[in-house]
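Please open the structure in a viewer and keep the selection tool at hand.

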Amino acid sequence: KIITLTTDLDDIIDVEPYTVEINEWSDGINIDSEIVGSSVNNEVVIDFVSDNDGIVTTLVESNSGGRVSAKLRSYNRDSSPTSFSSLAQYEIFNVGMDINPRALVNNVKTSNVNGLFADVYRGGTHFVVMYFNKDRDEQYNLVSTKQYGTEGDDIVTGAVLKNEILYVYGNTNGESFEGVPGFESNNGGEDGFIYAIEVTNNTHRWSRFIGTSDQDNLVSLDVGNRDVIALVSSKNTDEDAFIRKLSLSTGLDIEDENPVEISTPRNDRPASIRFDSTASNFRVLFDSDAKLDGIDENTPSLSRDVQLLTYDSSNENGGAISFATAQEDIAKYLENTPDNSHLLVAGDTYGELEENIKRGDTGTDAFVSIIGTESSDNLEVLSNIQFGTSADDELISIKAISDTKFFTLWSEKLTDLNDTVFRISAFSVDGKKLSRDPE
């Protein structure tokens with residue numbers, strides 16, 4: 001049995017149709033580098049999550065003709081699959097999938113701004129929040145669909161769901177939110193933005209710009225008990241970054257006597273920011289060809305290195321840890337285990353983090369460095385995991401599903417078959433691979 005909900009909005013979406021499919025299977029089934037998608041089938045796996053029952057859910061974007069539909073499917077339960085139709089996707093993000101899938105955010109490009117929800121103040125690209133829930137019969141139900149954005153182009157880079165508030169962030173060239181100027185105006189060009197949305201009724205709570213006179217993009221944020229911490233990339237002749245702290249309830253700036261700015265004469269690309277267990281101190285992940293510990297010089301490897309910076313609640317820099325090979329390394333994610341005993345630093349590398357662990361002679365591997373966090377003042381790298389195949393492999397997402405285990409979603413490019421396959425692999429926090437290597 002498949003339940004389908006349809007919309008009549010297709011004629012005012014100026015974009016190719018897509019399909020969004022969400023699959024579930026149990027952690028009880030061995031995660032053996034399982035293939036969860038393939039470009040031969042016109043699929044791109046966007047993200048995944050695992051709930052408290054060990055049910056893994058993947059979000060798959062599939063470019064197939066016809067109306068857009070999304071499917072939530074369980075492979076290990078007796079319940080029937082449920083599907084629902086949404087707007088056509090320009091780009092889709094899996095956000096707000098914490099314990100169970102709760103909300104999806106997708107960028108849409110409208111050709112008739114006066115037609116979509118009768119909103120005359122939006123133009124270009126905006127985003128749509130789809131909120132759904134799972135009932136007692138394990139069926140997913142689409143609760144609401146709503147569009148948000150400015151009169152300009154609003155490009156989502158991610159979102160965080162906490163305490164029923166969805167924090168959507170990205171960059172925009174618009175000047176007003178929901179038809180009303182923000183309490184801080186756009187500072188020129190593109191600025192970062194944050195939307196706080198109450199997901200249960202899908203309503204706007206607050207929104208704001210964060211930026212400079214340069215080209216800015218909010219690349220990552222984390223939500224603590226009292227404040228939101230935002231990591232913003234700022235581009236002029238090179239790329240730098242700054243950090244802004246905001247009130248959780250209003251979005252207003254929290255005054256900082258010592259605001260954090262990370263800047264060298266080289267390109268310093270910010271990737272991720274996370275609070276530590278105190279919810280006051282925080283860590284920032286970058287890759288750069290410069291040392292980011294305050295000394296203006298090249299990295300020891302003379303190539304781009306992944307670097308982790310730590311800060312206390314007063315924004316004092318506690319030093320940097322590098323994750324470096326002799327070749328280029330790419331920072332992607334920071335992830336805390338639920339008990340905050342370990343920090344996972346993840347990305348891609350062209351080199352070899354340790355001797356004889358590279359999976360192929362050329363191309364990229366995915367990697368995860370596991371850090372012990374018993375002492376916030378003395379982080380210790382416990383082990384490095386480098387994984388993939390002889391082809392080009394890239395990390396897509398990482399999730400700590402318990403205090404002792406984490407899953408990674410990664411892609412493998414099969415050059416001989418002109419195909420990209422997507423896999424999920426499991427690891428323990430003591431550095432052991434719990435999945436077999438792909439054949």
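The stops below visit a pocket, a loop and a strand of this predicted model.

**First stop: a pocket**

Select strands β18 (227-235) and β19 (239-247), each of which supplies at least two residues to the lining of the second largest pocket. The space in this pocket amounts to about 300 Å³. Its lining comprises 20 residues, and those closest to the centre are Phe242, Ile243, Arg244, Val260 and Glu261. Which strand gives the most to the lining of the second largest pocket? That strand is β19, with six residues. Colouring the lining by class shows ten charged, six nonpolar and four polar residues.

**Second stop: a loop**

Next, select Gly152, which is placed in the loop joining β10 (140-148) to β11 (154-162). Is Gly152 buried or exposed? The relative accessible area of Gly152 is 12%, and the residue is therefore buried, the limit being under 20%.

Finally, select Ser428, which belongs to strand β31 (residues 419-428). Ser428 counts as buried because its relative accessibility is 10%. Which residues does Ser428 touch, leaving aside those up to four places away in sequence? Display Ile370, Thr404, Lys405, Phe406 and Leu434 to see these contacts of Ser428.

Terms used: Residues numbered from 1 in each chain as written. Predicted model: local features only at pLDDT ≥ 70, side-chain atom pairs only at ≥ 80, totals over all residues. Heavy atoms only, no water. Helix = DSSP H or I, 4+ residues; strand = E, 2+ residues; numbered from the N terminus. Buried < 20%, exposed > 50% of the residue type's maximum accessible area, 1.4 Å probe, protein only. Contact = heavy atoms within 4.5 Å. 1 Å grid on protein atoms, 1.4 Å probe; cavity = no way out; pocket = protein on both sides within 12 Å on 5 of 7 lines; lining within 4 Å. Points joined across faces, edges and corners; volume = space filled by probe spheres on them. Nonpolar A, V, L, I, M, F, W, Y, C, P; charged D, E, K, R; others polar.
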